[in-house]
Amino acid sequence: MIGHRFAAVVVAASTLLLAGCGIQIPADPSGTLNAVEGGVLRVGVTPNGDWVRVGENDPSGTEVESLIGFARSLDADVQWTVGSEESLVRGLEEGQLDVVAGGLTDQTPWTNKAGMTRPYAEATRADGSTVKLVMLVPLGENAFVSALETYLTDEAAHEGAAP
Amino acid sequence: MTATIGFGHTALPERQARAVRRAVRLEWITIGALVGIVGLVFLVLGNSQAMKAAWIEDLLSFIPPLAFLIAVRLARRPPTARHPYGHHRSVAVGHLVAAVALTAMGAFLIVDSGIGLVTADHPTIGTVNLFGVTIWLGWLMVAVMAVTAVPPVILGHMKLGLARELHDKVLYADADMNKADWMTSVGTIVGVLGIGVGLWWMDAAAALFIAVSILHDGVSNVRAAVVDLVDGRATTFDDTQPHPLAGRVDQYLAGLPWVAEAGSRVRDEGHVFHVEAFVVPRKKRLSLKEVERAREECIALDWKLQDVVIVPVSALPGVLEASGRQ
């Protein structure tokens, strides 16, 4: 009984305290979302199917379109870096990139080194199996990953609703 | 349901039999509650180390109730030629197994969480989409932890009284752990909220706190179980003081007219005690009838005194504190 009341008090007090101080929850330990808002979204892409195509000009593809939309929603410009998955993941680790895309799935082996978004869409591979698409973000930048996930989910919902 | 419940060859008094039935029911309820809690916590586990530690603690909480249910079942078996002392020690074995599991898991979690703290793992916790609404997963973790904090505490308090009644140390260890379970929940909530405000290390620190509490439970229970298994002096169910029954047996025997001095060794077999009582008779000749009556009277002192052996000697063995009459 005591435990119940104590736990409730702790939760209520912390919530009020945090909300009252105007602290954002979740927050980024390294302030990624704040840096991107009104600034530059540093995107790493690696070519993969229709999701990311790279050529002479700026990259294109469905994930590229999504990220351009996300940057626009944050009033940010996009700065593209093309590379292999490993070099892009290192870019996330070293704080030189904010997000990595390239038809990555939730089976990606990079989860020790980078944060993974919630799957935002499903795709069917050539062999008929279904994969869940994700993007990679810096570890522990929870305000940023939440903003990205929310944007991707809303976008997917809009597309689903369109004829 | 109303069949006589016994421990070994003693049928329990009605009061204790009812306590056993209640304890068994409470342990089944505990297991049911744990299934729900483990499932619920698993759904929102995410990347939080504190959540992982809390979840593992919940999984470990299955061991004591299971050990209790198995031990109670085994202890009912009457003594046989192969097991002349009955099966009461199964309680101690269950106790030891549960304690070792706790210790090992606590140690593992301390290392695991410590590594996370040293290598500065920033836990990534994103959002979930619940019925079309996107919310931060951390809020769900906090909610689940707040809800799952309650039932174990209530169950723990209910089991504590029964553990005293039944002199059952596994049940006591279980009740004690349940009672302290809310600290795990509050610790986890603090860790998750820490992640929420951008203090990544609070998660690993909370996990470390939980791991230390698991290890502490484990070590103190290993100690208690080992003391019982190596036939340490019988103590009360919470191991805080020597059990008063040994003194009562000595007092009763020393009060008999044919006894000069009495002292006994008491083994805690689990729920019940086995007593070797040494008596120094006043005269050289003993009446068999008197010895047998003394034995029966001793057993009748308390339901926990299951087996009493009376050994007439010319002087008490050195380790015994004699409670003799002048």
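Two strands are treated as paired if DSSP finds at least two bridges between them, and strands (E, at least two residues) and helices (H or I, at least four) are DSSP runs numbered from the N terminus. The model is predicted: local features need pLDDT of at least 70, side-chain atom pairs count only at pLDDT 80 or more, and totals for chains, interfaces and linings use all residues. Residues are numbered from 1 along each chain as its sequence is written, with chains lettered from A and ligands numbered from 1 in the order in which they are written.

**View 1. The β5–β6 hairpin of chain B.** Strands β5(B) and β6(B) (residues 273–281) run antiparallel and are joined by 9 bridges. Within this pairing, B:Arg267 stands opposite B:His274 of β6(B). The hairpin has 4 residues between its strands, and B:Gly270 in the turn has a positive phi of about 130°.

**View 2. Burial of strand β5(B).** Of the 10 residues in β5(B) (residues 259–268), 7 are buried. A residue is buried if 20 or more other C-beta atoms, placed from the backbone, lie within 10 Å of its own.

**View 3. The two domains of chain B.** The domain assignment, automatic or from a database, gives domain 1 (6–229) and domain 2 (244–312). Their C-alpha centres lie 40 Å apart. The contact (C-beta atoms, placed from the backbone, within 7 Å) takes 19 residues from domain 1 and 9 residues from domain 2.

**View 4. The side of domain 1 of chain B that touches domain 2.** Helices α3 (63–75) and α4 (89–118) of chain B each supply at least two residues of this side. The largest share, 4 residues, comes from α4(B).

Terms used. Buried ≥ 20, exposed ≤ 12 C-beta atoms within 10 Å, placed from the backbone. Contact = placed C-beta atoms within 7 Å.
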